[in-house]
Amino acid sequence: MSSKKRIVALQGDGIGPEIMAEALKVIGWFNENAGTDIEVSKGDIGGMCIDKHGVPLDDATLEACRKADAVLLAAVGGPKWDKVDYNIRPEAGLLKLRKELDLFANLRPAKVFDALVDASTLKPEIVRGLDILIVRELTGGVYFGQPRGIETLENGERRGVNTQVYTTSEILRVARVAFDLAKKRQNRVCSCEKANVMESGKLWREEVTALHDAEYKDVALSHMYADNCAMQLLRNPAQFDVIVTDNLFGDILSDEAAMLTGSLGMLPSASLGAADENGRRAALYEPIHGSAPDIAGKGAANPLAIILSIAMMFRYSFDLGEEADRLEQAVEAVLGKGLRTADIMSKGCTRLSTEDMGRALLDTLAEGASASKAAASA
Ligand code: IPM
Ligand code: MG
């Protein structure tokens with residue numbers, strides 16, 4: 001790789017520190033063995049940041065993230081901070097980071113690994129080979145819409161308000177990401193909303209359709225109400241290639257899609273901003289799973305989702321497609337060897353701790369590296 005890349009690592013809470021430790025070893029391995037030049041600095045977010053600075057995302061960390069080529073995040077939150085004020089909860093740090101960096105496109109792949117087909121609660125024939133990409137709008141909709149709040153009415157009753165709101169440009173920019181990604185996959189986009197009951201959904205459908213007709217006629221576009229999509233994901237998930245949807249529906253549908261794979265601990269995600277004139281875009285990479293406070297500190301967490309998030313970072317931020325493939329293949333190979341953390345354990349396999357899984361992955365990467373060297377010199 002020609003140029004130096006700077007990333008900020010945010011380990012956050014719960015199992016965050018344990019999985020981040022393994023992730024950083026992987027980055028170190030690529031720096032030493034595969035010619036990358038990635039410099040890592042650390043920042044604070046979530047509950048640990050509240051403990052340290054009184055806020056879930058401090059200004060110095062936010063500034064560092066703004067300047068970085070990419071951010072790698074482990075997980076935030078935990079019962080310790082359940083009672084803190086709503087707008088300084090650990091999750092608020094993550095929402096602020098998304099909003100401040102304008103990370104409007106959230107890519108959440110739900111892929112079933114062959115070795116883990118039996119881990120799904122759905123029948124193997126329904127999920128085998130499944131490879132869906134959910135593109136979730138991440139900086140708009142009901143998560144950020146105004147007005148919001150809880151007020152007390154004159155009659156003493158309380159009233160909670162959130163606002164679902166989308167503009168044309170917010171819809172178009174995320175739809176564009178979905179269409180562009182579909183072209184590199186199976187060329188199909190399903191757009192989900194509730195146009196039958198919500199004006200914002202009606203607008204969403206009209207704008208996505210107009211963009212499709214004007215610029216993406218070669219991509220197959222379908223529309224689905226979000227409730228139907230939730231049902232279809234269970235009935236026949238293989239019908240989907242790329243799903244594009246709003247912030248709230250995307251939150252829900254992506255959890256459902258992740259569960260189809262039977263391995264929440266395996267799934268990465270990317271959150272991307274708009275590209276500037278040099279093609280550079282703000283980007284945040286994180287596993288889909290949370291901070292799992294119940295198993296924190298026990299060495300039981302699965303580091304593969306954050307490691308696969310590094311593969312997404314290689315592909316989307318650093319244009320290192322080959323290195324991304326290599327890392328993903330190493331993950332498949334580790335699973336192929338029957339090595340498992342507790343969350344994906346099955347009969348006849350070997351159960352590993354977080355650290356041992358990290359080491360197994362590095363060993364497998366090294367085997368792959370020497371195998372390809374041998375092939376090149378043969
Ligand atoms: C997610 C999470 C977040 C969200 C929380 C932690 C704020 O559920 O990334 O899906 O609701 O967006
Ligand atoms: Mg969620």
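Where the two domains meet, 12 residues of domain 1 are in contact with 17 residues of domain 2 (contact means heavy atoms within 4.5 Å). This is a predicted model, in which local features need pLDDT of at least 70, side-chain atom pairs count only at pLDDT 80 or more, and totals for chains, interfaces and linings use all residues. Residues are numbered from 1 along each chain as its sequence is written, ligands are numbered from 1 in the order in which they are written, and side-chain values use heavy atoms, without hydrogens and water.

Domain 1 covers 1-108 + 275-378, and domain 2 covers 131-260; the bounds come from an automatic or database domain assignment. Their centres, taken over C-alpha atoms, are 26 Å apart.

Now turn to ligand 1. Around it are E91, R98, R108, R136, Y143 and D251, each with a heavy atom within 4 Å of the ligand.

Polar contacts are pairs of N or O atoms within 3.5 Å. R98 places a polar side-chain atom 2.7 Å from an oxygen atom of ligand 1. For R108, the distance from a polar side-chain atom to a ligand 1 oxygen atom is 2.8 Å. In Y143, a side-chain N or O atom lies 2.6 Å from an oxygen atom of ligand 1. Alone, ligand 1 exposes 320 Å², and the protein buries 72% of that (Shrake-Rupley method, 1.4 Å probe).

Technical notes: Polar contact = N/O pair within 3.5 Å; in protein donor to acceptor, adjacent residues only side chain to side chain.
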